[in-house]
Amino acid sequence: MSELGTRGTAWSPETRLYSDGVVIGADGGPVVVPARSGLRRLPGTGYLDPESGSLPGAALAAADEVAMAREILAGTDLPGRGTPYEAMAEEALLDIGVLTYPNGAAVAAGSPYWRYVWPRDAGYMAAALTVAGRPELAYAQLAYVAAMQEDDGTWQARYLPDGSRGVPDDRGLQLDGIGWTLWAAWVFAGATASDPTPLAALIRRAAGAALAALDPATGLPRASQDFWEMDLDEATLGSAAPLLLGLRTGRDLLALVGDHELAARAADGADRLATAVTDGFGAHGYARRISGTGGRDASVAFLLPPFARPSRGVDAAWRAAVDATTVGNGGVRPGEEWTDRDTAWTPQVSLHALAAASLGDSALAHRLLSWLDLRRTVLGALPEKVTADGRPAAVAPLGLTGATVLLALAALDGRPLPVPAS
């Protein structure tokens, strides 16, 4: 049965807004604030404002807890501080904190079907926390993902946040998690000048898994679900590009932990994969499938800063992808073959904003960030989707979007992420 929205129009399950945001729960995990509930958070914190109403499971913060939360926020290197985006950045950073359990499990969102740890989402959140001056929380997230790593160095699509290493369904392994986790560890080690030795086991196993995923003949990875989470029987750029990033950053991390033999193998694997990506995907304008079918998608941005050195061919393909996937409300859909041509997805919008900011295209970055800022929920959260008529939809907040927004704002502030060497 459809639900009626505030304007009396029917909401389908794909377009309704499930939540206006999240607050800290009594167990330290996120508690969903239902859409149109009228509830608020205490400014500068992730706690429920009790004067706005009550919410089962929400923590009731003591005065010293509120003061501490505000002190922590004030002490961060908040990207976008002093700009028109400050409120969006502040809420995004607070939301990432609320989405992180005391054990370091960073869930994608607070709603039930998203209350799991995806390694790719956790990688972005850890990188954003590092840049924003919350390294202790970033490390906790990385340590949790490390504890979930499979014996062969890979990761399942997602994990329960209870520390059990349990998985909620049979989506199976997703190779891109290898790349995003190694990248996040590399960002953390570089920004904090930390010894990566405590993460050495993660680094070695992940680098080995990345190498094992490559076909010895073609240099391309085996077929795997990527961020679309759809089964295909061929390699996609959404898996190949993050693996390339993982091998390059893994190479550097392995050298730091003294494993020079594996570092050399990672470097060789990165060179082979880079050639395969250029010769294979580049031959047909960097479409998402190695066969050249299906058109371009957002993953071409993974071959641009801050993930890779820019090149003219990739830059042109990325701009063509942005144009081809822009929908009527001004946002973008995941790719050209995505069947819903009306709904925008905020992770892709924020990813393109990050690429634009990292390339120095401030006009495009500002356009996309302003678009996101105007489409937050009444609690200030960034949603997963935006409907054709511009309403926030699906879950809010989505940690992946908030993290990418923070990274884009840092680049606009003049402190972009480092780009790994080719």
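I began with R289, which in this predicted model forms a salt bridge with E234, their closest N and O atoms being 3.4 Å apart. I placed R289 in the loop between helix 8 (260-281) and helix 9 (312-325) and E234 in the loop between helix 6 (200-212) and helix 7 (237-256), so that the pair links parts of the chain 55 residues apart. Both R289 and E234 are buried.

I then looked up a further partner of R289 and found that its side chain also meets that of E337 in a salt bridge, at 3.1 Å from N to O. Because E337 lies in the loop between helix 9 and strand 5 (344-345), this pair ties together parts that are 48 residues apart in sequence. R289 has a relative accessibility of 17% and counts as buried, whereas E337, at 27%, counts as partly exposed.

I noted next that salt bridges with shared partners join R120, R158, D169, R171, D176 and E229 into one network, and that the whole structure holds 22 salt bridges.

I turned to the largest pocket, which has a volume of about 820 Å³ and a lining of 32 residues, with W114, F227, E229, W345 and E384 lying nearest its centre. I sorted this lining by class and recorded 19 nonpolar, 4 polar and 9 charged residues.

Last, I looked up the second largest pocket, with a volume of about 480 Å³, where I24, A69, G97, V98 and R134 are the closest to the centre among the 24 lining residues. Helix 1 gives the most to this lining, with 5 residues, and I recorded 14 nonpolar, 8 polar and 2 charged residues in the lining of this second largest pocket.

Technical notes: Residues numbered from 1 in each chain as written. Predicted model: local features only at pLDDT ≥ 70, side-chain atom pairs only at ≥ 80, totals over all residues. Heavy atoms only, no water. 1 Å grid on protein atoms, 1.4 Å probe; cavity = no way out; pocket = protein on both sides within 12 Å on 5 of 7 lines; lining within 4 Å. Points joined across faces, edges and corners; volume = space filled by probe spheres on them. Nonpolar A, V, L, I, M, F, W, Y, C, P; charged D, E, K, R; others polar. Helix = DSSP H or I, 4+ residues; strand = E, 2+ residues; numbered from the N terminus. Salt bridge = Lys/Arg side-chain N within 4 Å of Asp/Glu carboxyl O. Buried < 20%, exposed > 50% of the residue type's maximum accessible area, 1.4 Å probe, protein only.
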